[in-house]
Amino acid sequence: MKTLHKTLAAALVSASLAGTPVLAEDTHPVTGEQLADEQVFTYRALDESSSLDPQVVEDVDGSYIVRDLFEGLLNSDPEGNIVPGVAERWETDDNQTWTFYLRDDAKWSDGEPVTANDFVYAWRRAVDPELASPYAWYMSLMALENVDAVLEGEMEDTTLGVEAIDEHTLKVSLTRPMPYFDQMVTHATTFPSPQWVIEEHGDDWTKPGNLVGNGAFVLTEHVINERLVRERNEMYWDNENNLMDKVVTLVINDENQALNRYDAGELDKTDIPAGQYPAQEAERPDEAHVFPRLCNYYYSFNNEVAPFDDARVRKALSYAIDRNVVVDNVLQGGQFPAYTFTPALTAGFTTPDVDWGQWTQAQRDERARELLAEAGYGPDNPLRTTLLYNTDEAHRKVAIAVTAMWKQKLGVEATLENQEWTTFLTTRGEGDFEIARGAWCGDYNEASTFLDLMQSGSGYNDANYDSAEYDRLAAEAQTMSDPSANYTKMEELAAEDMPNAPVYHYTGIIMVKPDLKGWPYEDVQQNIYSRNLYKVEQ
């Protein structure tokens, strides 16, 4: 029989006094569903996570794990709304100075209290050049006071706009009003870090037995490129409301193999292979799920390498991609053809009608041939290039389809090259490519989370796009109460310069066992917290 949680016990007492029927101790305290005796969630990840360090992690799957092991100031609920985390309340009068009041019962997994100083340490750590956080640029986007001067080594990190007023009060000072700042502190880069553990163990601090976190789970096992296990953290302040005892991540590079293991009962959740959603939905409608996601899929052209320093070449290759074929024939998971970088479902964003997005595919193909010829390429001088993507069957299928379009329509000879995830991130980040697969899921629900990627100084401007006008529009947007006009101009400029070729906007396409409940299908950002999941008896 499942142990009765404290909050449930209290609820039962209150319900009894109020004359409300009392739930059995092995039922869900809210829904009344019969809970399974074993609360273990096992799921498939495509690759090994980039890191378990909150200030270093840079991938979606890794961030999910980090959200289990650590907790930031604020969280998001299953609908994507901001809710308390370590901070039980927060306030701002002008959207420029923010004060967070930390709960006094938040503890690290070793029993130490979580304090405002743990956040100050983590934020200063995120901008430390020695750490070389891939998300240091994100701290700049947060507009923290003096952040750029600190990042450039012109000022000490003690001048960063974050201050511990006392152990349970954190004050944040920004250089400009930012009404969506509360969304930004749900990101892993802003999570607290245990200074004493990092100083003791150095680079080994994220290994099992060393890692000390403040999330709902603790790390108990980690076999690189194979499996990662996290189990209930008894010290977590809201442990009594966590119904899940253990979460197991299995790294499975092949999505078809993963589906076979799902069918064999080894996995509770996995992704549906490209093109298989219609069949799975027809066969198992209670297990196959598709839902919109705040993510884009694109190809980055290395704007610093010939011939991709020529916008005519970049536009020709982008125009020749038949996005309807990609989403309807290759992927078949309800994805949306993309003609802008920012997804249409982004909050407060109206998709501009960029010219090339309004043409027929035949018109795009014709213009692509003209542009490539103008750039000096044709039957007597075919363009030869290499398309880089990280190992995944869906990425491979999309790349095959796209390069076939380039070959058939433009005579372009493109070689495919795949790399495993961490190697791919390094190669792309160092600019050692011609064309590379890219994707971005919003760190917060506002258009700047996508458009800022194309600023010349962005840490994820893998295309090496450098436009003074684009940078000016981006900087101006940061101080505007309504930046929508600038966002439209930025999308129009990106359409003209085509530093990246947007291909489609994502949907989540997953198989989930019927006994697993609590998946946040309505959250377009898919900020998963395992403590919100639970299993029911079947």
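Mentor: Start with strand β12, residues 288-301. Of its 14 residues, 12 are buried, so the strand is largely enclosed by the rest of the structure. Keep in mind that this is a predicted model.

Trainee: Which strands does β12 pair with?

Mentor: One is strand β17, residues 500-512. The two pair in the antiparallel sense, over 10 bridges. Another is strand β16, residues 435-441. That pairing is also antiparallel, with seven bridges.

Trainee: Staying with β17, is Val512 buried or exposed?

Mentor: Val512 is found in strand β17. It is buried, because its relative accessible area is 1% and buried means under 20%.

Trainee: What does Val512 touch beyond its sequence neighbours?

Mentor: Leaving aside residues within four places in sequence, its contacts are Tyr262, Asp268, Lys269, Asp286, Glu287, His289 and Tyr521. Take His289 from that list. Val512 and His289 are 223 residues apart along the chain, yet their C-alpha atoms are separated by 7.5 Å.

**The chain as a whole**

Trainee: Let me zoom out. How many helices and strands are there?

Mentor: The chain has 18 helices and 19 strands.

Trainee: And what are the overall dimensions?

Mentor: Along the principal axes, the C-alpha atoms fill a box of roughly 80 × 60 × 45 Å. The radius of gyration is 24 Å. A compact globule of 538 residues would have a value near 24 Å, so the two agree.

Trainee: How much of the chain is buried?

Mentor: Buried residues make up 56% of the 538. The accessible surface comes to about 21700 Å². Carbon and sulfur atoms hold 45% of that surface.

Trainee: Which other strand pairs with β7?

Mentor: Strand β5, residues 97-102. That pairing is antiparallel too, over five bridges. Thr99 stands opposite Lys171 there.

Trainee: How many of the five residues of β7 are buried?

Mentor: Four, so β7 is largely enclosed by the rest of the structure.

**A buried helix residue**

Trainee: What is Asp68 in contact with?

Mentor: Setting aside neighbours within four places in sequence, it contacts Gly215, Ala216, Phe217, Arg230, Val247, Tyr529 and Ser530.

Trainee: Now the loops. Where is there a cis peptide bond?

Mentor: Between Ala306 and Pro307, with omega of about 5°. Pro307 is found in the loop between β12 and α10.

Trainee: Why point that out?

Mentor: Because most peptide bonds are trans, and most residues other than glycine have a negative phi.

Trainee: Which residues have a positive phi although they are not glycines?

Mentor: Ala143 is one of them, with a phi of about 60°. Gln332 is another, at about 55°.

Trainee: Where do Ala143 and Gln332 lie?

Mentor: Ala143 is in the loop between α4 and α5. Gln332 is in the loop between α11 and β13.

Trainee: Are they buried or exposed?

Mentor: Ala143 is buried, with a relative accessible area of 2%. Gln332 is partly exposed, at 29%.

Notes:
Residues numbered from 1 in each chain as written. Predicted model: local features only at pLDDT ≥ 70, side-chain atom pairs only at ≥ 80, totals over all residues. Heavy atoms only, no water. Buried < 20%, exposed > 50% of the residue type's maximum accessible area, 1.4 Å probe, protein only. Pairing = 2+ DSSP bridges. Rg over C-alpha atoms; globule rule 2.2 N^0.38 Å. Areas by Shrake-Rupley, 256 points an atom, 1.4 Å probe, with all protein chains shown as cover. Contact = heavy atoms within 4.5 Å.
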